[in-house]
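Good morning, colleagues. Please look at the chain on the screen while I describe a few of its side-chain contacts and surfaces.

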Amino acid sequence: MSTESSYYVPEQSKLPVLAALGMGLMAYGAGSWVQGGSALVLLAGAIVMVFTLYNWFSTVIHENMAGMNSAQLKRSYVWGMSWFIFSEVMFFACFFGALFYVRVLVLPWLGGEGGHAGNELLWEGFEPAWPLMTTPDMAVNGENAQFMGPEQHMSFPGWANLLGWLPLWNTIVLLSSSVTVHIAHTALKNSNRAKFNLWLGITVLLGAIFIVLQIEEYIHAYQHMGLTLESGIYGTTFFMLTGFHGAHVTMGTIMLLIMFLRGLKGHFSPDDQFGFEAASWYWHFVDVVWVGLFIFVYVLA
């Protein structure tokens with residue numbers, strides 16, 4: 001058993017190099033894909049990352065189950081996860097800040113408020129109205145796709161349309177999943193493994209439902225609302241915010257699924273459960289971000 005004075009130092013590993021390679025391939029592949037290139041590089045990077053993370057986390061789990069981790073090392077895991085979540089907070093703060101800057105400051109300036117130059121910088125007849133879905137190229141080419149009509153707008157609908165409004169259902173699903181993962185956490189602390197597995201499984205299912213509903217929302221936006229990544233600054237901010245959040249939900253669901261499988265194998269105890277706790281912290285963070293998205297992207301749109 002490792003002690004405070006015998007800090008466990010793992011053997012040298014090539015896994016960090018492989019992780020860097022995988023992330024680099026994914027970044028390059030994603031950039032090429034959105035510009036019309038092939039998705040093969042992105043897929044290759046994803047395969048490298050899955051292989052790397054599987055081996056890396058398997059090693060860490062084995063070390064912990066073997067009692068190699070000291071209290072000091074476990075505290076470093078806590079701090080590492082805390083700083084990671086903080087970096088994610090700053091990541092989304094940048095996108096929320098961009099949305100605020102464009103909608104509240106830039107759009108009125110481009111419309112001529114505050115003594116700024118006005119719409120001659122863009123195109124004749126420009127109206128500083130949100131959502132702005134036209135780019136200068138579209139205006140020059142005479143493409144008529146400026147705004148979604150009232151019946152198509154992504155903002156909060158009337159009560160009669162609530163049953164068909166996917167963002168509201170996604171909010172209900174995601175907030176419910178925060179409750180279920182908390183119930184699972186409480187059950188684990190009370191050594192009730194059956195209850196832990198049940199409610200964690202429900203949480204994973206809710207995460208999967210959220211992903212399916214968001215895919216359906218994107219299909220509807222592209223096919224019926226004319227809302228795409230090329231739909232001006234509104235399309236860009238909408239898909240950057242909701243798309244990155246969806247990616248985080250996907251990653252969080254995978255994390256919780258792994259914790260669920262570990263729970264079925266008898267891992268975790270009331271005194272040793274940081275792997276699950278880290279995943280649950282991340283999940284609560286994802287839920288809080290969605291509340292912000294729901295308010296500022298949908299309700300106040």
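Leaving aside residues up to four places away in sequence, N197 touches F260, G263 and L264, where contact means heavy atoms within 4.5 Å. This is a predicted model, in which local features need pLDDT of at least 70, side-chain atom pairs count only at pLDDT 80 or more, and totals for chains, interfaces and linings use all residues. Residues are numbered from 1 along each chain as its sequence is written, and side-chain values use heavy atoms, with hydrogens and water left out.

N197 sits in helix α6, residues 193-224; helices are DSSP runs of H or I, at least four residues, numbered from the N terminus. Is N197 buried or exposed? Its relative accessibility is 14%, so N197 counts as buried (buried is under 20% relative accessible area, exposed over 50%, partly exposed in between, with a 1.4 Å probe and protein chains only).

I turn now to the aromatic rings. There are 26 aromatic pairs, a pair being rings of Phe, Tyr and Trp (its six-membered ring) with centres within 6.5 Å. F96 and F296 pair edge-to-face (planes over 60 degrees apart), at 6.4 Å centre to centre and 70° between the planes. This pair links F96 in helix α3 with F296 in helix α8, 200 residues apart. F296 is partly exposed, at 44%. F196 and F276 are also edge-to-face, at 5.0 Å and 85°. Because F196 lies in helix α6 and F276 in helix α8, their pair ties together parts 80 residues apart in sequence. Both F196 and F276 are buried.

Methods: Helices (H or I, at least four residues) and strands (E, at least two) are DSSP runs, numbered from the N terminus. Rings of Phe, Tyr and Trp (its six-membered ring) pair if their centres lie within 6.5 Å; planes under 30 degrees apart count as stacked, over 60 as edge-to-face and the rest as tilted.
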